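Here is a short note for a colleague opening this structure for the first time. The points below can be read in order, with the model open alongside.

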Amino acid sequence: MEGKSKLGLLFFSVTAIFLSLTTALEHQTLVLNPLPNPPTLSWPESVSETVQPDPTTSTDPNTLSVQLHHLDALSLNKTPSQLFNLRLQRDAVRVKTLSSIAAAAASPNRTARGGRVPIRGFSSSVVSGLAQGSGEYFTRLGVGTPPKYVYMVLDTGSDVVWLQCAPCKRCYSQTDPVFDPRKSGTFSTIPCGSPLCRKLDSSGCKARKTCLYQVSYGDGSFTVGDFSTETLTFRGTKVGRVALGCGHDNEGLFVGAAGLLGLGRGKLSFPTQTGVRFNKKFSYCLVDRSASSKPSSVVFGDSAVSRTARFTPLIANPKLDTFYYVELIGISVGGTRVRGITASLFKLDPAGNGGVILDSGTSVTRLTRVAYNSLRDAFRAGTSGLKRAPEFSLFDTCFDLSGKSEVKVPTVVLHFRNADVSLPATNYLIPVDSSGSFCFAFAGTMGGLSIIGNIQQQGFRVVYDLASSRVGFAPRGCA
């Protein structure tokens, strides 16, 4: 009898453990935090205005690490709700622009590489796929010798590095004084015959000896000026002869930052230009500001690669070299694969249509309409016990969670080729107002391009290993 009792107890224990693991696969607890307050902008002196290396970081010249801050920190005197609505407005413009550029690149009648049309009367066409605000995260870095410190947006959806330069024909308002290349000992214009100038879609060299560049945006913003080389300083680490646009004619909605550091896959992006020094590797970790006071960060070099990252191959789009395409093959909700979501819905075809990109400047993940509808229906089925709320902006699945401190929600797992990425609950059920409304943070798109946005990337160290043509996700990677 005693043996049977022990056997029965063992069976009960194994069953309990199995049920516990099954429950963990199916549901997780969401602690309900409100919309975050506007972030305060503070940079240690060693990070901003001095050229001395920060003693708390690695002195390895082949490693670079800097803090990132969300664009909200440059938007003054706004409430949390106002900031969130502005973010959604920027998001809508950006998604429309990225989708139109991908579609134009796939068009047989495209006018230039990527189908991008130059500004009238200007012969060069380094035209970026970015929208209003240019991106969502920025850092502070030094430009020139001696370095003058400015805020620069970092963005995976663009290649060109540029900033506003004096003298200005037209310059938008920025937080710091406009960079004056005449006061730098390392500034150099690029001749029209240079290989760097030829990397532009077409060189702006009519009746000129030096190279011109142009970047235009989906909201009508643009920057035009001299294509040049200059030294950039990150926390005391100098990176010399970076090809960048020195913009004397800049118009648009760039929200206080001086310019942009392009992190795309193209020939003129910062990771490509510095590939020899940093081994074509970088990573970032974007912090969920509603749950953590830690800063976000970006790392360049071999130390950017996390040991705990799960990798998926990068896919090349022969029609468009800027974006980071990955292979999404399915999605699970509550521990079960969602029927109707298959790899064929996200396939990048030989003409450049469709596909899935990772983007640091898009906030809300967009999925092709059929895939989104299936995902939404599965999530609604798993949250039938939660009180529904009206739709909000682009979100069609919202809940009234007022008066609660936490709720159980179904798990959501993105299945990439060779990498299953299990999302924290805060990455897909998010606060949208100050009255306890939370919404499912995915949306559908009528276009063929799907985009994995930064809300879904929060808390992961996202590793871009271009040397091995792969992207990795390391959970809890912001520590």
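**Notes on side-chain links**

1. Start at Glu327, which counts as partly exposed because its relative accessibility is 27% (buried means under 20% relative accessible area, exposed over 50%, partly exposed in between, with a 1.4 Å probe and protein chains only). Glu327 forms a salt bridge with Arg417, and the closest N and O atoms are 2.8 Å apart (a salt bridge is a side-chain nitrogen of Lys or Arg within 4 Å of a carboxyl oxygen of Asp or Glu). This pair links distant parts of the chain, 90 residues apart. Glu327 is in the loop between strand 14 and strand 15 (328–333), and Arg417 is in the loop between strand 22 and strand 23 (419–423). Strands (E, at least two residues) and helices (H or I, at least four) are DSSP runs, numbered from the N terminus. Arg417 is partly exposed too, at 33% relative accessibility.

2. A word on the source. This is a predicted model, in which local features need pLDDT of at least 70 and side-chain atom pairs count only at pLDDT 80 or more, while totals for chains, interfaces and linings use all residues. Residues are numbered from 1 along each chain as its sequence is written, and side-chain values use heavy atoms, with hydrogens and water left out.

3. How many salt bridges are there? The count comes to 18. One of them joins Asp176 to Arg140, with 2.9 Å between the closest N and O atoms. Asp176 lies in the loop between strand 5 (162–164) and strand 6 (188–189), and Arg140 in strand 3 (residues 137–143), so the bridge ties together parts 36 residues apart in sequence. Asp176 counts as buried at 14% relative accessibility. Arg140 is buried as well, at 6%. A network of salt bridges links Asp72, Arg87, Arg90 and Glu136.

4. Asp465 is buried, with a relative accessible area of 1%, while Arg470 is partly exposed at 27%.

5. Next, the disulfides (pairs of cysteine sulfur atoms within 2.5 Å). There are five. Cys168 and Cys171 form one, with sulfur atoms 1.9 Å apart. Their link is left-handed, with -80° about the S-S bond. Cys168 is partly exposed at 35% relative accessibility, and so is Cys171 at 28%.

6. Cys197 and Cys211 are joined at 2.1 Å, S to S. This link is right-handed, with 85° about the S-S bond. Cys197 lies in helix 3 (residues 195–198) and Cys211 in the loop between helix 3 and strand 7 (212–216), so the link ties parts 14 residues apart in sequence. Both cysteines are buried.

7. Cys398 and Cys439 form a disulfide at 2.0 Å, S to S. The torsion about the S-S bond is about 105°, so this disulfide is right-handed. Cys398 lies in strand 20 (residues 398–400) and Cys439 in strand 25 (residues 437–440), so parts 41 residues apart in sequence are tied together. Cys398 is buried at 0% relative accessibility, and Cys439 is buried at 0%.

8. Now the rings. The structure holds 16 aromatic pairs (rings of Phe, Tyr and Trp, its six-membered ring, with centres within 6.5 Å; planes under 30 degrees apart are stacked, over 60 edge-to-face, the rest tilted). Tyr324 and Tyr464 pair edge-to-face, 4.7 Å centre to centre, with 65° between the planes. Tyr324 is in strand 14 (residues 324–326) and Tyr464 in strand 28 (residues 461–465), so the pair ties parts 140 residues apart in sequence. Tyr324 is buried at 0% relative accessibility, as is Tyr464 at 0%.
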